[in-house]
Amino acid sequence: MNKMTRRRRTLNEALRWASLFLQQHKREPKVAEILLQHHTGLARADFLASLRDSLTCEADEQFIKDIEAHAATGVPIQHLMGKESFYGRDFSVNRHVLIPRPETEELVAGVLDYLSAFDVNRPITLVDVGTGSGIIAVTLKCEQPAAEVIAADISAEALAVAEHNAKQHGSEIAFLQGDFLQPLIDRQISVDVLVSNPPYIPYQDKETLSDTVKNYDPGLALFADQEGLAAYDKILRQAGQVLNKPGLIAFEIGHQQGDRVSRLIRSQFPASEIEVRKDINGKDRMVFVQAK
C-alpha cells in the first residue's frame, strides 16, 4: 500500500483493505482483525463498537507495515505482536520459542484432570521438559499453586523467555538448562509428574509445513530424528531415574504417533496404564501414562 492516505481511515476501512490484501497474497484474512485490534489496544467488544472511528496515523502506519510483512514473508502475527494467548493468559513469544498451539491447551487440561485425582499426601512436584516459552509450566503453576514446578530446556534463549513469562504471571518456578531430564538426573531431583510437548515432526516432513512455521518456529522445537520419535525415546529412557511411582507422564504427540509412542512407553514402563487421547479435531494428540 502507498504511504498515508489524504485522510485518516476508519477502523472498518483499514480492516477491509487489509483483509482483501491478505486474501490476494494467499494469507488468512482473519489476521487483519487480530492485528488491527492489537494496534488499537481495544478489547474485542470495544473494537467492534469502534469500527467507524478513525485510526491514529501512528497506528495505521504500523498496521500497514505489519500486514505487508506478514503477506510477504509469512512472519507469524504472534512475533509481530510479541505475544500469544494460552489458557486465558498472555505470554511473550519470539523467534527462540515455539508459538503456543490450541492443542497444547488440551494437554494442560488433561494434566489438570489427572492431578485432581492424584493421591499423595504432600505437594506434587512436576517438570515441564522442553519448556520453550514456559506456557505449560507457568499455566500449571497458576492453576495448581501448591505444586512445585520445574521447567527444563536446552536453549538458554528459550529459558530467558520462559523466566520472563513466569515473572509476568507471578509464578515461582525452578528453571534448569540441559538436555531433557539430564539436569534433574545430575541434581538427583525426582518428580511426580512429567509433562512434555517435545519436538515430534520428522525431518522429511519439513517441506510440507507452511512458511510461517518452518521459517520462524525454532527447528530445535519442531523436528526430531527416528521419524519424529527421538525425543520421546530419550525422555522415557531418562524418566526411570526421575519419576516417582505412582507417577504421571503426559506427552503431546503427532496425530499418527499414538501407537509408536505407546510402544516406547511399554518398553520402559511395562506395568503402566496408557491413555491415548484425541484432540478437539478427533486426532490422536496426547498420551497420558500412569506409571506404576
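First, the ground rules. The model is predicted, so local features need pLDDT of at least 70 and side-chain atom pairs count only at pLDDT 80 or more, while totals for chains, interfaces and linings use all residues. Residues are numbered from 1 along each chain as its sequence is written, and side-chain values use heavy atoms, with hydrogens and water left out.

Start with the domains. The assignment for the protein chain gives domain 1 as 11-73 and domain 2 as 86-291; such bounds come from an automatic or database domain assignment. Taken over C-alpha atoms, the centres of domain 1 and domain 2 are separated by 34 Å.

Next, the sheet. Helices (H or I, at least four residues) and strands (E, at least two) are DSSP runs, numbered from the N terminus. Two strands pair if DSSP finds at least two bridges between them. On that basis there is an open sheet of 7 strands, in the order β5-β4-β3-β6-β9-β11-β10, and the pairing is mixed. At the edges sit β5 (174-177) and β10 (273-278), each of which pairs on one side only. Ignoring direction, neighbouring strands of this sheet are turned by 15° against each other on average. Axes here are lines fitted to C-alpha atoms, for helices over the stretch in contact, and angles run from 0 to 180 degrees between N-to-C directions.

S196 stands opposite F251 in β9. Helix α6 (residues 102-116) packs on the sheet and touches β3 (125-129), β6, β9, β10 and β11 (284-291). Contact means heavy atoms within 4.5 Å. The direction of α6 makes about 25° with that of β11.

Now the backbone. Which bond joins K245 and P246? A cis peptide bond, with omega of about 0°. P246 is found in strand β9.

Two residues have a positive phi although neither is a glycine. K26 has a phi of about 60° and is placed in the loop between α1 (11-24) and α2 (30-40). Q226 has a phi of about 55° and is found in helix α12 (residues 225-228).

For accessibility, buried means under 20% relative accessible area, exposed over 50%, and partly exposed in between, with a 1.4 Å probe and protein chains only. K26 counts as exposed because its relative accessible area is 75%. Q226, at 44%, is partly exposed.

Last, the aromatics. Rings of Phe, Tyr and Trp (its six-membered ring) pair if their centres lie within 6.5 Å; planes under 30 degrees apart count as stacked, over 60 as edge-to-face and the rest as tilted. The search of the whole structure finds 7 aromatic pairs. One of them is W17 with F63, edge-to-face, at 6.4 Å centre to centre and 75° between the planes. That pair links distant parts of the chain, with W17 in helix α1 and F63 in helix α4 (residues 57-73), 46 residues apart. W17 and F63 are both buried.

F86 and F91 also form an edge-to-face pair, 6.3 Å centre to centre with 80° between the planes. Are these two buried or exposed? F86 is buried, with a relative accessible area of 0%, and F91 is buried at 1%. Finally, W17, F21 and F63 form one aromatic cluster.
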